[in-house]
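Hello,

Here is the structure I promised to pass on. Please open it first, then read my notes below.

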Amino acid sequence: MSQSVEAIQAAFKQLRLAEMSQALPQLLRQAEKHSWTYMELLTEITDFELKQREAKSIERRLKWAHFPYHKPLSSFDVSQQSALSQRQLNQLATLNWVEQQYNLILLGPPGVGKTALGVGLGLEAIQRGYQVIFITMGELMHLLKTEEFTRKSQIHLKRIRSAGLVIIDDLMYLAMDSYEANLFFQLVNHLYEQCSVILTSNKAPDQWSELMGDQGITTAILDRLLHRVEVIQMDGDSYRMKNKQKIFT
Ligand code: ADP
Ligand code: MG
């Protein structure tokens, strides 16, 4: 019997069902113990493979996403952010807007939760099977400028270009020259109507052209980003300042 179990395990492996192959002896023991029917056994075996694959896929996409931290959307306290109602947050959490390739622009001063909301929605999207990338504008610029000659940048950008959701954090933190603005335009143009983009910025879009240095390029970028978009102007005092932690009490 053990001879044939090994043979089945080898066959599973050959069929690229590695998880099934590994779990087979254990599942067979359980089947005997609980007198599973053939149908029950087959269901358990296939479910096992599917669940393991799903878990591995989430793990892989989490790694590729490069989130700065993993705070789930459920930890975002909507009562602290008057720009967003619980109903609106729930609506964002359905991710229908990602399905429909809408963009989301989160504006507001430092500390109001722009990055936290982006990360929370990104984590949600990973659980739903999307490929997600989180990147700061500074990192993105570096990738775009080094793409031609750096293999690492090429791989990273390939993932960005094929993602379902790209989160670009701190969009206008740095002023761009026209070469940089042009590289950014090429990327936005590629992502346009192909995936959703979340942008965070502490500058309003009407100030972006100052920082991009070129009115024509800015208009072309905004045209694409704002075509299907929800802009959320976040406000209030910095959450960090409101909840600051001290050494001396
Ligand atoms: P921003 O990107 O707007 O500068 P962050 O998202 O970095 O702000 O938020 C600053 C800190 O405050 C983070 O640790 C974040 O998790 C927390 N924070 C901000 N807003 C909220 C909120 N509404 N609920 C829970 N935590 C929040
Ligand atoms: Mg931030």
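**Ligand 1 and its surroundings**

Start at glycine 111: one of its polar backbone atoms is 2.7 Å from an oxygen atom of ligand 1. Keep in mind that this is a predicted model. Glycine 113 also uses its backbone, with a polar atom there 3.1 Å from an oxygen atom of the ligand. Lysine 114 uses its side chain instead. A polar atom of that side chain lies 2.7 Å from an oxygen atom of ligand 1.

How much of ligand 1 does the protein cover? On its own, ligand 1 has 550 Å² of accessible area, and the protein covers 88% of that. The space that ligand 1 takes is the largest pocket.

Two elements give two or more residues each to the shell around ligand 1: helix H6 (114-127) and helix H12 (239-242). H6 gives the largest share, with three residues.

There are 15 residues around ligand 1. Those that come nearest are Lys71, Asp77, Gly111, Lys114 and Ala116. Sorted by class, the shell holds six nonpolar, five polar and four charged residues.

**The aromatic pair**

Away from the ligand notes, one more item. The count of aromatic pairs comes to one. Phenylalanine 67 and phenylalanine 134 form that pair. Their rings are 6.3 Å apart, centre to centre. The planes make an angle of 55 degrees, and the pair is classed as tilted.

Which parts of the chain does the pair link? Phenylalanine 67 is in the loop between helix H3 (38-65) and helix H4 (86-93). Phenylalanine 134 is in strand S2 (residues 132-136).

Best wishes

Technical notes:
Residues numbered from 1 in each chain as written. Chains lettered and ligands numbered in written order. Predicted model: local features only at pLDDT ≥ 70, side-chain atom pairs only at ≥ 80, totals over all residues. Heavy atoms only, no water. Near = heavy atom within 4 Å. Polar contact = N/O pair within 3.5 Å; in protein donor to acceptor, adjacent residues only side chain to side chain. Areas by Shrake-Rupley, 256 points an atom, 1.4 Å probe, with all protein chains shown as cover. 1 Å grid on protein atoms, 1.4 Å probe; cavity = no way out; pocket = protein on both sides within 12 Å on 5 of 7 lines; lining within 4 Å. Sits in = over half its atoms within 2 Å of the grid points. Helix = DSSP H or I, 4+ residues; strand = E, 2+ residues; numbered from the N terminus. Nonpolar A, V, L, I, M, F, W, Y, C, P; charged D, E, K, R; others polar. Phe/Tyr/Trp six-rings, centres within 6.5 Å; stacked < 30°, edge-to-face > 60°.
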